[in-house]
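This briefing concerns a pocket and a helix pair. Please view the structure first, then read the points below.

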Amino acid sequence: MERTLGFGENETIAAMLAASKRPSRTVAVRNSFVQGGTKGSPTPGPIAAMVKAHDRQGLDLFLLHRLMASAEPWDAGKDAGVWSRALGLAESDQQMHAERVSRIFRRLDESYHLVTRDKARRNGKVTSLCEDGEGDPYTSPTKHYFRVPFEYWEEEWHRKLSMPGKVVLLIALTQKPGFVIPSTQVKSWYGISDDTWANGIGELMRAQLLTGNRGKERNWMKGRAFNYDIEYSLVSRIDTRSRPGFQGRRKPATP
């Protein structure tokens with residue numbers, strides 16, 4: 001569901017994108033944020049807990065913080081008003097609702113273990129932790145990562161997409177074009193329901209961010225001698241795997 005545009009939201013996000021100094025115009029996030037475990041035994045990542053809690057603002061702030069924490073020591077110290085405007089919470093210069101930012105960062109710290117906060121100072125720095133939610137120090141990923149394109153914010157998909165749409169988009173960013181994820185497996189692989197998956201797929205296709213084609217594979221043990229699956233692909237401007245510099249080979253979603 002599209003959210004109402006907040007006061008100064010677009011302007012603040014544009015300034016943050018520029019200040020992040022990312023020549024690739026992408027933000028790297030480890031695949032373990034959406035799926036952990038091993039190839040033979042995949043498990044849901046921390047995003048599943050956000051979905052369960054309907055924590056759209058937590059996901060939004062996590063991605064914005066990853067955007068801004070672009071170099072060692074992987075922290076970002078911004079006035080709460082900046083984060084508030086970027087999240088669409090502000091109504092005016094006088095009504096910033098900045099107090100909500102502290103509560104969201106607290107969830108990212110204490111509930112999801114994705115950041116650690118400097119509690120000693122007001123508007124203290126918030127430092128990234130590893131995306132798997134285990135609380136380990138953050139390091140720049142060199143493999144098994146996906147990249148969120150600047151277009152996600154520039155085209156306002158952070159505001160236009162619902163939680164299911166955002167989650168399915170992030171999962172899709174970990175996949176090669178023509179990927180197949182059976183709806184019967186999304187719960188065990190990603191910790192989301194069939195409905196969340198179906199709603200997210202439908203939303204991305206209506207937004208023309210995702211395409212789907214019916215593929216088939218020969219199987220002589222089937223009555224019609226074929227397996228039929230829907231093969232999904234992100235549109236080229238969103239599919240960051242095809243951009244120069246990508247090194248994050250996907251850890252396969254299927255065991």
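By class, seven nonpolar, five polar and four charged residues line the second largest pocket. Here Ala, Val, Leu, Ile, Met, Phe, Trp, Tyr, Cys and Pro count as nonpolar, Asp, Glu, Lys and Arg as charged, and the others, Gly among them, as polar. The model is predicted: local features need pLDDT of at least 70, side-chain atom pairs count only at pLDDT 80 or more, and totals for chains, interfaces and linings use all residues. Residues are numbered from 1 along each chain as its sequence is written, and side-chain values use heavy atoms, with hydrogens and water left out.

**The pocket**
- The second largest pocket has a volume of about 230 Å³, a volume being the space filled by probe spheres set on grid points joined across faces, edges and corners.
- A pocket is an open set of points on a 1 Å grid over the protein atoms alone, where a 1.4 Å probe fits, with protein on both sides within 12 Å along at least five of seven lines; lining residues have an atom within 4 Å of a point.
- Of its 16 lining residues, Arg22, Ser24, Thr26, Ala28 and Ser140 are the closest to the centre.
- Strand 1 (26-30) and strand 7 (145-149) each supply at least two lining residues; strands (E, at least two residues) and helices (H or I, at least four) are DSSP runs numbered from the N terminus.

**The helix pair**
- The axes of helix 8 (residues 163-173) and helix 10 (residues 194-206) come within 8 Å and cross at roughly 85 degrees, so the two helices are roughly perpendicular (65 to 115 degrees).
- Axes are lines fitted to C-alpha atoms, for helices over the stretch in contact, and angles run from 0 to 180 degrees between N-to-C directions.
- Val168 and Leu169 are among the residues of helix 8 that meet helix 10, contact meaning heavy atoms within 4.5 Å.

Methods. Angles under 35 degrees count as roughly parallel, over 145 as roughly antiparallel, 65 to 115 as roughly perpendicular and the rest as oblique.
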